[in-house]
Amino acid sequence: MSPLILKGVRPYGEGDPVDVLIRDGVIAQIGIVEEDAEVVDGNGAVLLPGFVDLHTHLREPGREDTETIATGSAAAALGGYTAVFAMANTDPVADNAVVVGHVARRGREVGLVDVHPVGAVTVGLEGVKLAELGTMAKAGVRVFSDDGHCVHDPLIMRRALEYSKALDVVVAQHAEEPRLTVGAQAHEGEQASRLGLQGWPAAAEESIVARDCLLALHAGARLHVCHVSTTGTADVLKWAKARGTQVSAEVTPHHLLLTDERLETYDPVNKVNPPLRTAQDVRKLREALAEGVIDCVATDHAPHAVQDKDCEWSAARPGMLGLQTALSIVVEAMVKTGLLDWRGVARVMSERPAEIAGLPDQGRPIEVGEPANLTLVDPDATWTVRGAQFASIAANTPFEGMELPGAVVATLLRGRVTAVGGRIPA
Amino acid sequence: MKHLLSTEGIDPAQATAILDTAAGLKQALEGREVRKLPTLRGRTVITMFFENSTRTRVSFEIAGKWMSADVVNVSASGSSVSKGESLRDTALTLAAAGADCVIVRHPASGAAHRLAGWLKEAGTSVVNAGDGMHEHPTQALLDAATLRERLGDLRDRRIAIVGDVLHSRVARSNVHLLTALGADVTLVAPPTLLPVGVENWPVTVSHELDAELPSLDAVMLLRVQAERMHGGFFPSAREYSIAYGLNENRLNLLPEHAVVLHPGPMLRGMEIASAVADSPRAAITDQVRNGVHVRMAVLYHLLAHEEETA
């Protein structure tokens, strides 16, 4: 691979612009580079370690009409990601080495982002019988989750946590007590009551997170909590961490910005699980992310076909696109509010998720000798969201028409440019 | 008025205008041998019911027919809906076939709102005939019409709504409309059947029916659906009936002039004693009768009134 120079960039948005020379997929020099090489002009843009998404739905196999590993990888690269974790709720379910092997192989073939398959915790996501975690771990799976479903049986969850200890993997829980969310359609609160939508109480998330933190501590195992959405969950996490629980947690961009006020129109583009909550929850989640109580941002990128969204609320599928808007939402919710600086963005978008999943070559410091998994961000750009223009096949973004700050200028995967100027290089 | 989707935020003047029109229509038709007005001749009204409700569908159908509209009834089981067609496609098909107004009953909250959005270009009016647990605006209007007949102006009248408020679209529509008309509304139910956040509604909340009865001008009983009885919302039908059923002893606690309403269908012996339902203080058949006039008035304001004032 020919060498590449990132000209006039500011690592972590700090100091004067420097040049970064990349050779053989590795950062070779930082400073003033006088070398004949291909140049990406930074114009003072912020250089960050490539983003890592612990929570993506790529829909392949099964719903290739909404997203494929190819289109999802393109969306990831354009969003500044160098690694994504593809959730297991495909059809067939990724609960065996054959399906996870297929996802990993397709990811490598596409080559725009490291695609790590997530393995199911239980067979068929049914919550009854452990899937073959060991076999899948041997095939390279680092994260297990029944996402979309909660591993609700406390004994199954205990066994999953215990068993995972020998495999050096992490179990990621979709925390939703199913008995408390039968038919649930929206955050249980004033808005849902008024709109006549069946409530999804905060306690249904918090009770599972509390239970699983107790189990993880008891088992001496690691636990990751998917898409934290409530004030109470943040409090539980803080308490659990203080008493030494090995627990990490993620929050989605949409839970950092949107509230259930949006449900007014009954447009299911705003339907998501866990549901959009209140302004107080949004404030608390931002604080928890800034403090490190919540470790990282994960998109829960969930493409859906038009017919699964352009219908009545209760018939619609939950979920929203996230890969190409995540950075801008984090800038809007966390950077512009002064809650995070660019070091902080690197931490929540790249370093912590890479650590949680145990990826040795992602989320690394921007230093000579480190792998060139990098994202270049224009902090001053603003752009208007148009779902139809995204690389994803589906277009279900709740941010449609919003003007957002911050744009990805370029993404580098082991020194190769996977996205530049909003395009995938030919 | 283009659509009638909810009573939330309804302009009291608009509500009063509909109620006045309904009263006028009732008077005009009373005692007539031929109960038919030519007002909506040539207009097509389609009722689209995705839930069984003979009472509401028939009321709308008669209302349309008495106004000389062409009324077509579509039921979910006898149409392409049962073959898996989406609500959007069904609505667009009916609009393309020439509907001036679609009256929709649907189990999903917000279905009527969605429909109004999809039919914007077609220009078709939408009437919400009950959407999930959200609203049932014509029921609230017919309840208000019945109360006005018995009590006159509703300002500062004390009205209790008793029962399964949580799941009730009738309760939501009535809270919005009655408070807009100046009434003082009290919700009476066990805590399990009250919505989260009800303390911020413009109402008083009580768990003690007996304590409320002596000061009421009207009591409106809500239907308790069978699935709630088995859903653990209260221990048993017997206990519900003991605490919240309107029996003869309770009827005697009400002031002489107080009115008893029930949107039907009634569970006699459980929500309401037979003797109460059949007493002169119950206005239950008046509600059904007024339902037709109120729905005529709604169709008039949606389909005819605009042109006259334009």
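## Burial and overall form of chain B

A residue is called buried if 20 or more other C-beta atoms lie within 10 Å of its own, exposed if 12 or fewer do, and partly exposed in between, with C-beta atoms placed from the backbone. By this rule, buried residues make up 49% of the 310 residues in chain B. The structure is a predicted model, in which local features need pLDDT of at least 70 and side-chain atom pairs count only at pLDDT 80 or more, while totals for chains, interfaces and linings use all residues. Residues are numbered from 1 along each chain as its sequence is written, and chains are lettered from A and ligands numbered from 1 in the order in which they are written.

Chain B has 12 helices and nine strands; helices (H or I, at least four residues) and strands (E, at least two) are DSSP runs, numbered from the N terminus. The radius of gyration of chain B, 19 Å, is close to the 19 Å that the globule rule gives for 310 residues, so chain B is as compact as a globular protein of that length. This radius is taken over C-alpha atoms, and the rule is 2.2 Å times the number of residues to the power 0.38. The C-alpha trace of chain B spans about 55 × 45 × 35 Å along its principal axes.

## A parallel sheet in chain A

In chain A, five strands form an open sheet with parallel pairing, in the order β8-β9-β12-β13-β14. Two strands pair if DSSP finds at least two bridges between them. At the edges stand β8 (143-145) and β14 (296-297) of chain A, each with a single partner strand, so one side of each has no neighbour in the sheet.

Strand β13 (residues 247-251) of chain A pairs with β14(A) in the parallel sense over two bridges. V251(A) stands opposite V297(A) in β14(A).

## Two helices side by side

Helix α6 (residues 202-219) and helix α7 (residues 231-242) of chain A pack at an angle of about 10 degrees, with their axes 9 Å apart. Angles under 35 degrees count as roughly parallel, over 145 as roughly antiparallel, 65 to 115 as roughly perpendicular and the rest as oblique; α6(A) and α7(A) are therefore roughly parallel to each other.

Residues of α6(A), including V209(A) and C213(A), meet residues of α7(A), including V236(A) and L237(A). Contact here requires C-beta atoms, placed from the backbone, within 7 Å.

Note on methods
Axes fitted to C-alpha atoms, helices over the stretch in contact; angles between N-to-C directions. Contact = placed C-beta atoms within 7 Å.
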